[in-house]
Amino acid sequence: MSKPTTGDFTKTPGWLDWYTGPSKPRFQVPPGSVDAHCHVFGPGAEFPYAPERKYTPCDASWQQLFQLRDHLGFDRNVIVQATCHGADNRALVNALKRSDGKARGVATVRRSVTDRELQEMNAAGVRGVRFNFVKRLVDFTPKDELMEIAGRIAPLGWHVVIYFEAVDLPELWDFFTALPTTVVVDHMGRPDVSKPIDGPEFGLFLKFMREHPNVWSKVSCPERLSVSGPRALDGERNAYRDVVPFARKVVETFPDRVLWGTDWPHPNLKDHMPDDGLLVDFIPHIATTPELQRKLLVDNPTRLYWPELKQGG
Ligand SMILES: O=C(O)/C=C(\CC(=O)C(=O)O)C(=O)O
């Protein structure tokens, strides 16, 4: 893969660029697999970063993303709008249009979005909106505005992706459980994996999924959640072992409502940048049978993002 660039923007100090030359995964993902959480960044020279952003990344183009998709053995991507582009979805929509139907998207919109803009995004392949509650990433948006947006995208058949930290779930519970669509949680609601898996915090997340059949979860981002590693670097195919029991619990309890994604280009990592090939080798540790792997990587994302395709097609 070509090297990361930065254009005229100055990256956030300490920014870690995505990993060039990822290894070939040993785990072969099944045919029809979807990388259901990844991003494109800019390039800033073509699609400027948003003035209200909290970080400035290195560029990560649609060409580089699709190259990685092919290298890792995936067939399709779900590209999620990242906060560095605010509610300007042009880089995302451009990537969708360049994908030959192999990418779908999750956008960020404000209350001011017009019905025509929503229709155009729908035609390009957007299938959801993301509400971000992680305080280091976004300014506060009133819940009535978000609920209004959810009400407007529901008739399009879109869903809502929510990103929050585990400690904030109690306060957000009433809002989340009132959403009228399918709800997809990013990265298992970011559990603190140094706490017990059967403790109250993760217990509340499991209850959230158990009591609300419209709630799905991405079992992604072990590199963000892990405390003790080991890191997916230097050939380590058994990485982030402290995250495995949490992700495995979600996969085995809710096999029909889980998704997996690389999170490439891995914004805001502070410790290290994982080798994406080794990240794919994390999958069989959390989805331990061919059936669970097929549901996680093929059936579930196809049902949610390409319902018009036959499963696995
Ligand atoms: O890429 C992710 O999923 C996680 C992010 C970045 C993000 O969500 C965003 O900028 O919108 C994070 O934890 O910093």
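# Exercises: cavities and a helix

**Exercise 1.** In this predicted model, state how the lining of the second largest cavity divides by class, and which helix gives the largest share of that lining.

*Solution.* Step 1: sort the lining of the second largest cavity by class, which gives 7 nonpolar, 1 polar and 1 charged residues. Step 2: name the lining residues, F164, A166, L169, M188, G189, P191, E201, F202 and F205. Step 3: look for the source of the largest share; helix 6 (residues 200–211) supplies 3 residues.

**Exercise 2.** Count the cavities of 30 Å³ or more and describe the largest cavity.

*Solution.* Step 1: the count is 2 cavities at that threshold. Step 2: the largest cavity has a volume of about 100 Å³. Step 3: its lining is made up of 15 residues, and R130, L137, Y163, R224 and P267 are the closest to its centre. Step 4: by class, the lining of the largest cavity holds 5 nonpolar, 6 polar and 4 charged residues.

**Exercise 3.** Determine where helix 11 bends and why it is largely enclosed.

*Solution.* Step 1: helix 11 covers residues 290–305 and reaches 21 Å from its first C-alpha to its last, close to the expected 22 Å. Step 2: the bend lies at L296 and is about 40°. Step 3: helix 11 is largely enclosed by the rest of the structure because 12 of its 16 residues are buried. Step 4: the buried residues of helix 11 include L296, the residue at the bend.

How values were computed
Residues are numbered from 1 along each chain as its sequence is written. This is a predicted model: local features need pLDDT of at least 70, side-chain atom pairs count only at pLDDT 80 or more; totals for chains, interfaces and linings use all residues. Side-chain values use heavy atoms; hydrogens and water are left out. Helices (H or I, at least four residues) and strands (E, at least two) are DSSP runs, numbered from the N terminus. The expected span of a helix is 1.5 Å times one less than its number of residues. The bend at a residue is the angle between axes fitted to the seven residues ending there and the seven starting there. Buried means under 20% relative accessible area, exposed over 50%, partly exposed in between (1.4 Å probe, protein chains only). On a 1 Å grid over the protein atoms alone, a cavity is a set of points where a 1.4 Å probe fits but cannot get out, and a pocket is an open set with protein on both sides within 12 Å along at least five of seven lines; lining residues have an atom within 4 Å of a point. Grid points are joined across faces, edges and corners, and a volume is the space filled by probe spheres set on the points. Ala, Val, Leu, Ile, Met, Phe, Trp, Tyr, Cys and Pro count as nonpolar, Asp, Glu, Lys and Arg as charged, and the others, Gly among them, as polar.
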